[in-house]
Amino acid sequence: MNAPTTSQEFATKIPDGVYAQTVLSVEHYTDRLFRFRMTRPDGFRFRTGEFAMIGLMVGEKPVYRAYSIASPAWDEELEFFSIKVPDGPLTSHLQAIKPGDTVLMRKKPTGTLVLDALTPGKRLYMFSTGTGIAPFASLIRDPETYEKFDEVILTHTCRDVAELKYGFDLVHEINHHEFLHEIVGAKLKHYPTVTREDFEFKGRITDLIESGKLFTDLGVPKLDPAVDRGMICGSSAMLKDTKELLEKAGLTEGANNKPGEFVIERAFVG
Ligand code: A2P
């Protein structure tokens, strides 16, 4: 009897009802952050801003974590932006993937950072820290975002400048994209800040909202529930503190079944 090939061996282990996709590219930004792109299963639909359960076989068992889909719904591939946690059950393995490797994905995406969960408005704020930029990477590449809002403000706060690179690359890509750059035009404003290094824009987004510096820097009025909408994605402490500030400004939280003036992603993995 012949020994099974590696791929046959692997194929027998893939759990039922789960997509097994092929890694196409991997880019490491820092020792804490990387992104990867993989094939998109035929017929896999999601709403821009949603997350999926991404996994790997670790030994005999699949290990999954929630990952926002960073690519827009029109993209033929799927993109994810990930933290590397040295002893993280998934990310300690995921950070080693290479093109050609297999990544698992559960079939049903979900999430609250979707345009349908917001009531109509003029200006959309996307507040993110660290890998919390991922769902917004999807939303800022979706033409529908610009059909619904006149102005889209993406804030991204990281510890240091190197961690901002994913966001800078994204905005550069949009501004040079064959059709997106016409749709987006001057509507997208990127507001990157860092907290642990010198940079043009410094400080936690919460402090910048409270002091009003965010609005002065952008040249926009302070938060107004009549026209402003918000989406928040970051660590649980950041979600809580930012939510409090939006509520103080008079905005009400919404959900898929009850659209509101801002939404939060609670399933985000840090
Ligand atoms: P800080 O450097 O002051 O902790 P992390 O990589 O640890 O997830 O942090 C990403 C960014 O989020 C950091 O710049 C961090 O600032 C900031 N941050 C952490 N906690 C909060 C919070 N409660 N509100 C706003 N920003 C926060």
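Trainee: What makes strand 2 (residues 33–39) and strand 5 a pair?

Mentor: Two strands pair if DSSP finds at least two bridges between them. Strand 2 and strand 5 have seven, in the antiparallel sense, so they count as a pair. Within them, arginine 35 has phenylalanine 81 of strand 5 as its bridge partner. This is a predicted model: local features need pLDDT of at least 70, side-chain atom pairs count only at pLDDT 80 or more, and totals for chains, interfaces and linings use all residues. Residues are numbered from 1 along each chain as its sequence is written.

Trainee: What is the order of the strands in the open sheet of six?

Mentor: The order is 4-3-6-1-2-5, with antiparallel pairing. (Strands are DSSP runs of E, at least two residues; helices are runs of H or I, at least four; both are numbered from the N terminus.)

Trainee: Why do strand 4 (61–68) and strand 5 (77–83) stand at the edges?

Mentor: Each has a single partner strand, so one side of each lacks a neighbour in the sheet.

Trainee: Which strands does strand 6 join by bridges?

Mentor: Strand 1 (residues 18–28) is linked to strand 6 by five bridges, antiparallel. Threonine 22 faces threonine 102 there. Strand 3 (residues 51–58) has two bridges to strand 6, again antiparallel. Isoleucine 54 is opposite methionine 105.

Trainee: Which side chains of strand 6 (residues 102–106) are buried?

Mentor: Val103 and Met105 are buried and point to one face. (Buried means 20 or more other C-beta atoms within 10 Å of the residue's own, exposed 12 or fewer, partly exposed in between; C-beta atoms are placed from the backbone.)

Trainee: What is the order of the open sheet of five strands?

Mentor: The order is 9-8-7-10-11, with parallel pairing. Strand 9 (188–194) and strand 11 (262–264) are its edges, pairing on one side only.

Trainee: How many bridges pair strand 8 with strand 9?

Mentor: Seven, in the parallel sense. Threonine 155 stands opposite tyrosine 191.
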